[in-house]
Amino acid sequence: MDYSKLSDGEISLRLAYFLKPKYTATIHPRDDSGAQLSWNFLNAVATTGYFPLRRAGELFPALKKLRIAIEPAGKTVWKASHESGANATHRNPLRALAIVFLMIQEAKLSSS
């Protein structure tokens, strides 16, 4: 799949599927660059915003665990790479990291 063609909201939804499996995720109604997570709390639906492409703290723990590297690839471009050969470049370093993470997860699912 070509993740570079997906919007930030669609990438956030895919990240939520892998990183927040206990929650239901939809594209955020007021900011389409993120996701809205929903869950049942005391017989009511609670929601929160999930913006992994803007908030590094929501994405870095998983990336650290998988040992995804990031380095500058020019004056305004970042490159994320993994030892499996997956790599991506983008102006937003978090988006590059997220794309590599999704590539790794896709490879794991297809090999199962």
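Reader: Which residues does phenylalanine 101 touch, not counting residues up to four places away in sequence?
Author: In this predicted model, phenylalanine 101 touches Leu15, Phe18, Leu19, Ala62, Leu63, Leu66 and Ile68, with residues up to four places away in sequence left out of the list.

Reader: Which residues have the most contacts inside the largest nonpolar core?
Author: They are Ile11, Leu15, Ile68, Val100 and Phe101, in a core of 26 residues. Two or more residues are given to this core by each of helix 1 (8–19), strand 2, helix 2 (60–66) and helix 3. Helix 3 supplies the largest share, nine residues.

Reader: Why is alanine 98 called buried?
Author: The relative accessible area of alanine 98 is 0%. The term requires a value under 20%, and alanine 98 is therefore buried. This residue is found in helix 3, which spans residues 93–111.

Reader: What is alanine 98 in contact with, leaving aside its neighbours within four places in sequence?
Author: Alanine 98 is in contact with Ile11, Leu15, Leu53 and Leu59, once those neighbours are set aside. As for alanine 80, it is 18 residues from alanine 98 in sequence, and the C-alpha atoms of the two are 8.7 Å apart.

Reader: How do you know whether serine 33 is buried or exposed?
Author: Serine 33 has a relative accessible area of 19%. A residue is buried under 20% and exposed over 50%, so serine 33 is buried. Its place is in the loop between strand 1 (24–27) and strand 2.

Reader: What makes the link between the side chains of serine 33 and aspartate 31 a polar contact?
Author: The distance for this pair is 2.8 Å. A polar contact needs N or O atoms within 3.5 Å, so the pair of serine 33 and aspartate 31 meets that distance limit. The side chain of serine 33 also makes a polar contact of 3.3 Å with the side chain of arginine 54. Leaving aside neighbours within four places in sequence, serine 33 is in contact with Asp8, Gly9, Ser12, Phe51 and Arg54.

Reader: Why is serine 38 called buried?
Author: Serine 38 has a relative accessible area of 17%. The limit is under 20%, and serine 38 is therefore buried. Serine 38 lies in strand 2 (residues 35–41). Beyond four places in sequence, it touches Tyr23, Thr24, Val45, Ala46 and Thr47.

Reader: How do you know that strand 2 and strand 3 are joined?
Author: Seven bridges join strand 2 to strand 3 (residues 44–50). Pairing needs at least two bridges, so strand 2 and strand 3 count as paired. They run antiparallel. Glutamine 36 has glycine 49, in strand 3, as its bridge partner. The two strands form a hairpin with two residues between them, and leucine 42 in the turn has a positive phi of about 50°.

Reader: Why do strand 4 and strand 6 stand at the edges?
Author: The open sheet has three strands in the order 4-5-6, paired antiparallel. Strand 4 (69–72) and strand 6 (87–90) each have a single partner strand, so one side of each is left without a neighbour in the sheet. Neighbouring strands of this sheet are turned by 20° against each other on average, direction ignored. Helix 3 packs on the sheet, touching strand 4, strand 5 and strand 6, and its direction makes about 155° with that of strand 6.

Definitions and conventions. Residues are numbered from 1 along each chain as its sequence is written. This is a predicted model: local features need pLDDT of at least 70, side-chain atom pairs count only at pLDDT 80 or more; totals for chains, interfaces and linings use all residues. Side-chain values use heavy atoms; hydrogens and water are left out. Helices (H or I, at least four residues) and strands (E, at least two) are DSSP runs, numbered from the N terminus. Buried means under 20% relative accessible area, exposed over 50%, partly exposed in between (1.4 Å probe, protein chains only). Contact means heavy atoms within 4.5 Å. A polar contact is a pair of N or O atoms within 3.5 Å; within protein, one must be able to donate a hydrogen and the other to accept it, and residues adjacent in sequence count only if both atoms are side-chain atoms. A nonpolar core is a set of buried Ala, Val, Leu, Ile, Met, Phe, Trp, Tyr and Cys residues joined through side-chain atoms within 4.5 Å. Axes are lines fitted to C-alpha atoms, for helices over the stretch in contact, and angles run from 0 to 180 degrees between N-to-C directions.
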